[in-house]
Amino acid sequence: MNLETFYEYCLSKKGLTEHFPFNDDALVFKVGGKIVALSSLSQWENGNPSVNLKCNPEYAQELRAQYDDVQPAYHANKVHWNTVIINQEVSDALVKNLIDHSYDLVFKSLSKKTQNEILEMEN
């Protein structure tokens, strides 16, 4: 997976927006003001891309046991967040599924009002 594919896939999710709240390197995707994904642009440029994604705690443990390239998240709550190393052991399809999973968890945590506003948006 390249940065463009990752970027476009994230932005294809309804209501997802890009931000740089920490610095010019940390690309953050949010829905309803809450973080779904975080990735370092310099790591992509250096050929070591990874992304932090929210994950159900039990599923996070399963993934970490199954894949060496799914690790407790760097600089995040390690119970609810994974760092997924891209372009190694984890397939592009699984990365996309994990982006979907993170998006779904965050979306479901939003208020019903915010969820409805997002659902009414045009893509």
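**Close-up views of a predicted model**

View 1. Strand β2 (residues 26-31) and strand β3 (residues 34-40) run antiparallel and are joined by six bridges. Two strands count as paired here if DSSP finds at least two bridges between them. Helices (H or I, at least four residues) and strands (E, at least two) are DSSP runs, numbered from the N terminus. Lys30 has Ile35 in β3 as its bridge partner. Two residues sit between β2 and β3 in the hairpin, and Gly32 in the turn has a positive phi of about 60°.

A note on the model before moving on: it is predicted, with local features needing pLDDT of at least 70 and side-chain atom pairs counting only at pLDDT 80 or more, while totals for chains, interfaces and linings use all residues. Residues are numbered from 1 along each chain as its sequence is written, and side-chain values use heavy atoms, with hydrogens and water left out.

**View 2. Strand β4 sits between its partners β3 and β6 in the pairing pattern.** On one side of the pairing, β3 and strand β4 (residues 50-54) run antiparallel with two bridges. Leu38 stands opposite Asn52 in β4, and Ala37 has Leu53 in β4 as its bridge partner. β4 also runs antiparallel to β6, this time with five bridges, and Lys54 stands opposite Trp81 in β6. Why is β4 described as largely enclosed by the rest of the structure? Because four of its five residues are buried, where buried means under 20% relative accessible area, exposed means over 50%, and partly exposed is in between (1.4 Å probe, protein chains only).

**View 3. The largest pocket draws on β3, β4 and β6.** This pocket has a volume of about 430 Å³. On a 1 Å grid over the protein atoms alone, a pocket is an open set of points with protein on both sides within 12 Å along at least five of seven lines, whereas a cavity is a set where a 1.4 Å probe fits but cannot get out; lining residues have an atom within 4 Å of a point. Grid points are joined across faces, edges and corners, and a volume is the space filled by probe spheres set on the points. Of the 18 residues lining the largest pocket, Ala26, Leu38, Asn52, Tyr74 and His75 lie nearest its centre. β3, β4 and β6 each supply at least two lining residues, and β3 gives the most, with four. By class, the lining has eight nonpolar, nine polar and one charged residues. For these classes, Ala, Val, Leu, Ile, Met, Phe, Trp, Tyr, Cys and Pro count as nonpolar, Asp, Glu, Lys and Arg as charged, and the others, Gly among them, as polar.

View 4. Which residues line the largest cavity? They are Leu53, Lys54, Cys55, Leu63, Asn82, Val84, Leu98 and His101. β4, β6 (81-85) and α4 (92-109) each supply at least two of the lining residues. The class tally for this lining is five nonpolar, two polar and one charged.

View 5. Tyr59 counts as partly exposed, at 27% relative accessibility. Its C-alpha atom is separated by 15 Å from that of Val90, 31 residues apart along the chain.

**View 6. Gln115 is a buried residue of helix α5.** Helix α5 runs over residues 112-119, and Gln115 has a relative accessible area of 9%. Its side chain reaches the backbone oxygen of Leu110 at 3.0 Å. Leaving out residues up to four places away in sequence, Gln115 touches Phe107, Lys108 and Leu110.

**View 7. Two loop asparagines, Asn87 and Asn48.** Asn87 belongs to the loop between β6 and α4 and is partly exposed at 41% relative accessibility. Its phi is near 70°, a positive value in a residue other than glycine. Most residues other than glycine have a negative phi. Asn48 lies in the loop between α2 (41-45) and β4, and is partly exposed with a relative accessible area of 43%. The C-alpha atoms of Asn48 and Gln88 are separated by 9.3 Å, with the two residues 40 apart along the chain.

Definitions and conventions:
A polar contact is a pair of N or O atoms within 3.5 Å; within protein, one must be able to donate a hydrogen and the other to accept it, and residues adjacent in sequence count only if both atoms are side-chain atoms. Contact means heavy atoms within 4.5 Å.
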